[in-house]
Amino acid sequence: MAGAGAGAAAAPGGGRPLIITEDPVLLDDLLRLCAAAGAEPHVHHAVPEHGGAGGSAGASEGRAGGVGWDTAPLVLVGDDAAGRVRGAPRRTGVFLVGRDLDDPLVWQRAVEIGAEEVLRLPDAESLLVDRIADVVEGAGRPALAVGVIGGAGGAGASTLACALAVRAARAGERTILIDGDPLGGGMDVLLGGESAEGLRWPDFAASRGRVGAGALEESLPELHALRVLSWDRGDRVVVPPAAMRSVVAAARRRGGVVVVDLPRRVDEAVAEVLAQLDLVLMVVPGELRSVAAAGRVAAGVRMVARDVRVVVRGRCPGGLDPEAVAGLLGAPLAGEVPVEVGLPGRVAEGEPPGAHGRGALARFCDGFWQRALGPAQGVPA
């Protein structure tokens, strides 16, 4: 598992994108989109280091605070300027932007300047606003996003998801716990915070566009040093796939750790979440019937998720060890979580899963995060 930093580093170039174009209509559009994202761009007619004409919109290549081709966190090259950019050093974060949908040579020009993507307005306006806003918020390395799903009913996936979030927060990670299962009873209940102030999923059900990372984090209940997005106690609300996608993307944008408790049924909204996860842990109780059920769950998850691993909960009778269970499911083994004596009673008394630092569940979670986040990350008891 690749390591993930504890937080997002500030973007280079002061968080201000660089626009290179002489097309006044395109420039007006790009300035409008930058304003929508809360960004003040630098504008040039050519690559700044190559002596292009002076900029506008508050940008000047000779002024202190100006930004160069190498230092801008994001470069938007107008289709008219592709020839002037050709030959500039290759770098990430370059996008070719234009309006002509019928230009057959646009992809050739994009390759010549090393653009990551071709964005055509107005169709790509929403995507472009998202890209620019990421820069404004100082988006660096995204959060390590881990989903937890039960291979069978009563597998203990919600308990593990909660414990993972609690232990990550105790390790000093920025942590957001997302309840993706509307029928699961509420992760805020497991954390003892069902009455805590803050927004729940129904408040985000109408989200269509971009959700601000900072605004999301500040709006959620804070429990046990982590933020939690759960369901309220009212009637079930259907959250559209677009809203799911926007909220999870916002949660990841500031780095740290995002843990998602997933339902066993993979519908379109859950697929949007799975597509953004770095890793999915499938919790499988140690008994043969559950292993059989988990095979069907795994088949659905693998259609979208990039990395699925098995966590065996309890010993499996009948001669199957954890490695054999993982082998039957065709997925790597992430580990075994022994049944923890006394856990249900402690949860009933208000202690969230994972809070008991010497318990088997906490030890599993600590070991998991140490492997995922790097050996330097310590987790207090």
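Among contacts in the protein between residues at least 6 apart in sequence, what percentage join residues at least 24 apart? In this predicted model, the share of such contacts that join residues at least 24 apart is 69%.

**Figure 1. Overview of the predicted model.** The protein has 381 residues, of which 54% count as buried.

**Figure 2. The largest nonpolar core, which has 46 residues.** Within this core, the residues that touch the most other members are I178, W201, L262, V280 and M282. Helix α8, which spans residues 241-252, gives the most to this core, contributing six residues.

**Figure 3. The surroundings of W201.** When residues up to four places away in sequence are not counted, W201 touches I178, D179, L229, S230, W231, V239, M244 and V247. One of these, I178, is listed together with W201 among the residues that touch the most other members of the largest nonpolar core. Apart from that core lies another, of 37 residues, which includes A157, A165, L191 and L343.

**Figure 4. The crossing of helix α5 with helix α13.** The axes of helix α5 (residues 157-170) and helix α13 (residues 360-373) come within 9 Å, and they cross at roughly 60 degrees. The crossing of α5 and α13 is right-handed. On the α5 side the contact is made by T159, L160, A163, L164, R167 and A168, and on the α13 side by L361, A362, F364, C365, D366, F368 and W369. By class, the residues in the contact of α5 with α13 divide into 10 nonpolar, one polar and two charged.

**Figure 5. The crossing of helix α10 with helix α11.** Here the axes of helix α10 (residues 288-302) and helix α11 (residues 322-329) come within 9 Å and cross at roughly 50 degrees, which means that α10 is oblique to α11. The crossing of α10 and α11 is right-handed. The contact is made by V291, A294, G295 and R302 of α10, together with V325, L328 and L329 of α11. Sorted by class, the contact of α10 with α11 has five nonpolar residues, one polar residue and one charged residue.

Conventions
Residues are numbered from 1 along each chain as its sequence is written. This is a predicted model: local features need pLDDT of at least 70, side-chain atom pairs count only at pLDDT 80 or more; totals for chains, interfaces and linings use all residues. Side-chain values use heavy atoms; hydrogens and water are left out. A nonpolar core is a set of buried Ala, Val, Leu, Ile, Met, Phe, Trp, Tyr and Cys residues joined through side-chain atoms within 4.5 Å. Buried means under 20% relative accessible area, exposed over 50%, partly exposed in between (1.4 Å probe, protein chains only). Helices (H or I, at least four residues) and strands (E, at least two) are DSSP runs, numbered from the N terminus. Contact means heavy atoms within 4.5 Å. Axes are lines fitted to C-alpha atoms, for helices over the stretch in contact, and angles run from 0 to 180 degrees between N-to-C directions. A crossing is left-handed if the near helix is turned anticlockwise from the far one by less than a right angle, and right-handed if clockwise. Ala, Val, Leu, Ile, Met, Phe, Trp, Tyr, Cys and Pro count as nonpolar, Asp, Glu, Lys and Arg as charged, and the others, Gly among them, as polar. Angles under 35 degrees count as roughly parallel, over 145 as roughly antiparallel, 65 to 115 as roughly perpendicular and the rest as oblique.
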